[in-house]
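Reader: I have a new structure on my screen. Can you walk me through some of the contacts?

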Amino acid sequence: DSSAKGAVTELTAGAWGINLEMPITLRMKVFGAPAGSCTSTTATAGWHSVEELQVYQGSSLEDSCLKPGKQLLMICNDFLKLHKIGSSGNRSGGAASARECARKRRRTPSGVPGEPEEVQIARTSKEVWIEEALRENAGVAQLLRYVSLRLPSLHKFCAICDEPHTSPPMIQRTVCCREICCWQFSQFGELISDAEGVNTAAEVNDLLVCMAIHAAKSPRCTLIFDPFPQLFLDAASSPALSSKSPGAWETLKKVMGEIEEAREEAAGDGALWTIRTDLLTSKGALARPMVQWIASSVRSLLLPLQEEDRVKAFGTAYQYMLVSAAPEREALFQSLKTEFGSTFAFHGSPPENWHSILRNGLKNASSTALMISGAAHGAGIYLSPRSCVSAHYSKLAPAIGNVTAAPNSAGGCDLTGTRRLDLGSLRMLAVCEVINHPSLNKVNNHHIWVAPKEETVVTRFFLVYSANLVPNLDLQDVQLQAKLRTCMKAFGNWSHV
């Protein structure tokens, strides 16, 4: 048994589906070993002697509550194949830093030069972890050590091939964009991977689809529908749709139109239309694979808040916890927070932009092709403590007086997790936690903030409005800040909240 406590925070554990109160059990069946034995012989047997390996939390594999169990099993099996148990493990080179090793080795396994440095760092880190694990004397100890070293970095590697992701990591574990992994995931899904994590509520999937529909309809579609999906049909080994397909963008827009038709046709089902396989298939061969891809490709944690956890002042029932930062980015943020303190601000962006933001993170888009509102006050992430300022960027209008929670149009499916949003009037705002860093530029009577350093801004909450009005709020209000920090405490270890 190996505990995840200390290896990951409560927040990360919640996002990945790990119970920190339970040990992670690695159960091996060793060839020739008596049942239930744990002798020095079985502890130092060759890896080839292991007939079966199970990874789980709970009383058994069948009752396991461990979401990343399949990914950890794959990691263990790779270790079993590559290394012999019982070796002394005194191998040289383990002290070299991952970054120094990466700079000396600029080639991918296929021999293609110029692989991004961060990918090489991740790949070399894995080699260093293997060497560190092999320093343990007994084989079981080696495996346990390797799992404990790998656990905090599950988000950095593909949940199927265990190769480093080619894009910067975010909070969620995902399958990489390599064609073979996309094909395997499309064909076998949860049989081989548990990469979808905890973003499984139908309401969240419906919201993600709405974002994708807006992105596909945008004149800036080719910039903001990122990444481009790879979709497969039946057992075909080549993608039916990818960025290399002839007429790829036209096909993508057509498929998103078919999905929108299916969504409207099943309005009475609330958000549960997302699991209507028959309906989606009837609209087009790629409709269902596209909905599945939209749900599985998001790399942010998006959880609907129950009524008792919502902030009434926000004036909408559609409130979500939104965490995008990778664990190491969150750790850096907490370090800066200890030094400088933090506050809260809104970030507004049009509906079509959120499809990309939830997959690539909140970026400094100034002076890039993604910039749409200029950079009048310098480069950085633009924020405001005032909802009326950020609302402008979200195509929302500030309300005069109080705004009541937006009505639900789900045809009776009004439970949190199954609610359906109004696509046409959909507008979004993020509530971010911001470091009071010296670089934070506050202009226009402190109503506009510019954060030039991305690491000083993290998303915390996501607000969705089905009407074009947002309450006129100031996040510098002491009572409102206290409510936000209380809500954060209820959803994991946010450190010094």
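**Helices, contacts and salt bridges**

Author: Helix α7 is followed by G189, whose phi is positive, near 50 degrees. Keep in mind that this is a predicted model.

Reader: Which residues of helix α7 are buried?

Author: C181, C182, W183 and F185. The helix covers residues 179–188.

Reader: And what do the buried residues of α7 pack against?

Author: They pack against α12, residues 287–297.

Reader: Switching topic. How do the axes of α5 and α6 cross?

Author: At roughly 150 degrees, and the axes come within 8 Å. The cut-off for roughly antiparallel is over 145 degrees, so α5 is roughly antiparallel to α6. The crossing is right-handed.

Reader: Which residues meet there?

Author: From α5, K126, W129, I130, E132 and A133. From α6, Q142, R145, Y146, L149 and R150. By class, this contact has 5 nonpolar, 1 polar and 4 charged residues.

Reader: Now salt bridges. How many does a search of the whole structure find?

Author: The search finds 18. One of them pairs K217 with E260, with the closest N and O atoms 3.0 Å apart. K217 is in helix α8 and E260 in helix α10, so the pair ties together parts that are 43 residues apart in sequence.

Reader: Is K217 buried or exposed?

Author: K217 counts as exposed, because its relative accessibility is 55%.

Reader: What does K283 form a salt bridge with?

Author: With E265, and the closest N and O atoms are 2.7 Å apart. K283 sits in helix α11 and E265 in helix α10, 18 residues apart. K283 is partly exposed, with a relative accessible area of 24%. E265 is exposed, at 53%.

Reader: What about E330 and R460?

Author: Their side chains meet in a salt bridge, 2.9 Å from N to O. This pair links distant parts of the chain: E330 is in helix α13, R460 is in strand β11, and they are 130 residues apart.

Reader: Are E330 and R460 buried or exposed?

Author: E330 is buried, and R460 is buried too. Salt bridges that share partners join E330, K337, E433, R460 and R485 into one network.

Reader: Last one. Where does Q54 lie?

Author: In strand β2, residues 50–56. Q54 has 17% relative accessibility, so it counts as buried; the cut-off is under 20%.

Reader: What does Q54 touch?

Author: T25, L26, R27 and L61, leaving out residues up to four places away in sequence.

Key:
Residues are numbered from 1 along each chain as its sequence is written. This is a predicted model: local features need pLDDT of at least 70, side-chain atom pairs count only at pLDDT 80 or more; totals for chains, interfaces and linings use all residues. Side-chain values use heavy atoms; hydrogens and water are left out. Helices (H or I, at least four residues) and strands (E, at least two) are DSSP runs, numbered from the N terminus. Buried means under 20% relative accessible area, exposed over 50%, partly exposed in between (1.4 Å probe, protein chains only). Contact means heavy atoms within 4.5 Å. Axes are lines fitted to C-alpha atoms, for helices over the stretch in contact, and angles run from 0 to 180 degrees between N-to-C directions. Angles under 35 degrees count as roughly parallel, over 145 as roughly antiparallel, 65 to 115 as roughly perpendicular and the rest as oblique. A crossing is left-handed if the near helix is turned anticlockwise from the far one by less than a right angle, and right-handed if clockwise. Ala, Val, Leu, Ile, Met, Phe, Trp, Tyr, Cys and Pro count as nonpolar, Asp, Glu, Lys and Arg as charged, and the others, Gly among them, as polar. A salt bridge is a side-chain nitrogen of Lys or Arg within 4 Å of a carboxyl oxygen of Asp or Glu.
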